[in-house]
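Biologist: I would like to go through this model feature by feature. Please give the general idea each time, and then the case at hand.

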Amino acid sequence: MTGDAAGDEVRLAQLRDNLGAVHDRIARGCAEAGRDPAEVTLVVVTKYFPASDVLLLHRLGVRDFGENRDQEAGEKFREVRQVLSEAGEPDLTLHFIGQLQSNKAPHVAGYADVVESVDRVKLVTALAKGAHSADRHLQVLLQVSLDGDTSRGGVLPEDAMTLADSVAAQGLLELRGVMAVAPLGADPDEAFARLHDVADGIRARYPQAGWISAGMSGDLEAGLRHGATHLRVGTAILGSRPSLL
Ligand SMILES: *Cc1c(COP(=O)(O)O)cnc(C)c1O
């Protein structure tokens with residue numbers, strides 16, 4: 001924590017307001033889509049923000065957090081988990097949502113609970129090896145590329161089933177579903193409808209793979225219209241990130 005109690009109270013109030021507004025959007029979006037908000041998990045993306053914000057969000061009841069860079073995530077959440085455990089507070093679930101090099105995968109396997117950005121077999125093998133050394137189970141989502149441009153990460157829809165098979169063949173990896181980011185400039189409804197089709201195909205073979213992670217600050221309503229079970233929201237809760245690298 002910052003040790004500045006007054007500062008913490010101001011930030012807490014701000015986070016509480018923003019979180020409330022996002023929960024309102026989710027409630028409205030679910031009502032419009034004829035869905036039950038209880039089937040939707042909000043993953044709060046805390047990249048670029050300090051451990052103190054994670055702890056304040058935890059106080060506000062958030063239990064699912066998302067991070068996209070290995071070094072930052074590893075350090076921040078080691079600190080957060082130590083504070084929570086010393087205070088006897090409940091643990092959290094950490095989602096790794098960023099592009100991942102296979103040489104970093106074993107490290108991520110040591111602290112992440114869910115890896116949402118699995119997009120190639122080499123990464124599957126590296127995560128499985130890391131999970132084995134760390135003696136941990138990992139939940140895995142396949143990141144699907146919805147614009148045919150895999151340079152920003154993601155497996156092509158037509159290759160997703162093969163990748164699903166490779167995850168399912170690894171004992172310590174639990175295939176839970178799919179994730180996508182709507183392509184820049186694209187209609188998120190079209191993109192997420194395609195993701196839903198891919199998800200249906202995979203779930204037909206792997207019934208436990210029912211998660212769909214789709215929707216961020218700008219397009220969470222579109223995610224909800226197309227079956228999202230997980231929303232990844234950063235800016236709308238924490239504010240704009242310090243200038244991007
Ligand atoms: C940063 C990030 C988010 C959150 O985006 P916001 O627009 O800040 O809500 C969601 N998903 C991924 C993969 C991200 O990298």
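Modeller: What follows takes up charged pairs, the ligand site and some individual residues.

Modeller: Bear in mind throughout that this is a predicted model.

Biologist: How do I read a salt bridge, and how many salt bridges are there by this rule?

Modeller: Side chains of opposite charge can pair when their charged atoms come close. In practice, the test is a side-chain nitrogen of Lys or Arg within 4 Å of a carboxyl oxygen of Asp or Glu. The count here comes to 14 salt bridges.

Biologist: Let us start with Lys-76. Which residue does Lys-76 form a salt bridge with?

Modeller: The partner of Lys-76 is Glu-67, and their closest N and O atoms are 2.8 Å apart.

Biologist: Are these two residues buried or exposed?

Modeller: The cut-off for buried is under 20% relative accessible area. Lys-76 has 7% and is therefore buried. Glu-67 has 0%, so Glu-67 is buried as well.

Biologist: What about Asp-119 and Arg-120?

Modeller: Their side chains also meet in a salt bridge, with an N to O distance of 2.8 Å. Asp-119 counts as buried because its relative accessibility is 14%. Arg-120, with a relative accessible area of 31%, is partly exposed.

Biologist: Where is Asp-119 found, and what does its side chain reach?

Modeller: Asp-119 is in the loop between strand 4 (114-118) and helix 5 (121-134). Its side chain reaches the backbone nitrogen of Gly-154 at 2.9 Å.

Biologist: Which parts of the chain does the pair of Arg-225 and Asp-189 link?

Modeller: Begin with the pair itself: Arg-225 forms a salt bridge with Asp-189, and the closest N and O atoms are 2.9 Å apart. The pair links distant parts of the chain, with Arg-225 in helix 8 (residues 220-225) and Asp-189 in helix 7 (residues 188-205), 36 residues apart. Arg-225 is partly exposed, at 47% relative accessible area. Asp-189 is partly exposed too, at 22%.

Biologist: What are the distances from ligand oxygen atoms to Ser-217, Gly-234 and Arg-241?

Modeller: A polar side-chain atom of Ser-217 lies 2.5 Å from an oxygen atom of the ligand. With Gly-234, a polar backbone atom is 2.8 Å from a ligand oxygen. In Arg-241, an N or O atom of the side chain is 2.8 Å from an oxygen atom of the ligand. As for cover, the ligand has 390 Å² of accessible area on its own, and the protein covers 87% of this.

Biologist: What is the space taken by the ligand?

Modeller: That space is the largest pocket.

Biologist: Next, backbone angles. Which residues have a positive phi although they are not glycine?

Modeller: Tyr-48 has a positive phi of about 75°, and lies in the loop between strand 1 (41-45) and helix 2 (51-59). At 22% relative accessibility, Tyr-48 is partly exposed. Asp-135 has a positive phi near 55°, and its place is the loop between helix 5 and strand 5 (138-143). Asp-135 is exposed, with a relative accessible area of 67%.

Note on methods: Residues are numbered from 1 along each chain as its sequence is written. This is a predicted model: local features need pLDDT of at least 70, side-chain atom pairs count only at pLDDT 80 or more; totals for chains, interfaces and linings use all residues. Side-chain values use heavy atoms; hydrogens and water are left out. Buried means under 20% relative accessible area, exposed over 50%, partly exposed in between (1.4 Å probe, protein chains only). Helices (H or I, at least four residues) and strands (E, at least two) are DSSP runs, numbered from the N terminus. A polar contact is a pair of N or O atoms within 3.5 Å; within protein, one must be able to donate a hydrogen and the other to accept it, and residues adjacent in sequence count only if both atoms are side-chain atoms. Accessible areas come from the Shrake-Rupley method with a 1.4 Å probe; for residues, only the protein chains shown count as cover. On a 1 Å grid over the protein atoms alone, a cavity is a set of points where a 1.4 Å probe fits but cannot get out, and a pocket is an open set with protein on both sides within 12 Å along at least five of seven lines; lining residues have an atom within 4 Å of a point. A molecule sits in a cavity or pocket if more than half of its atoms lie within 2 Å of its grid points.
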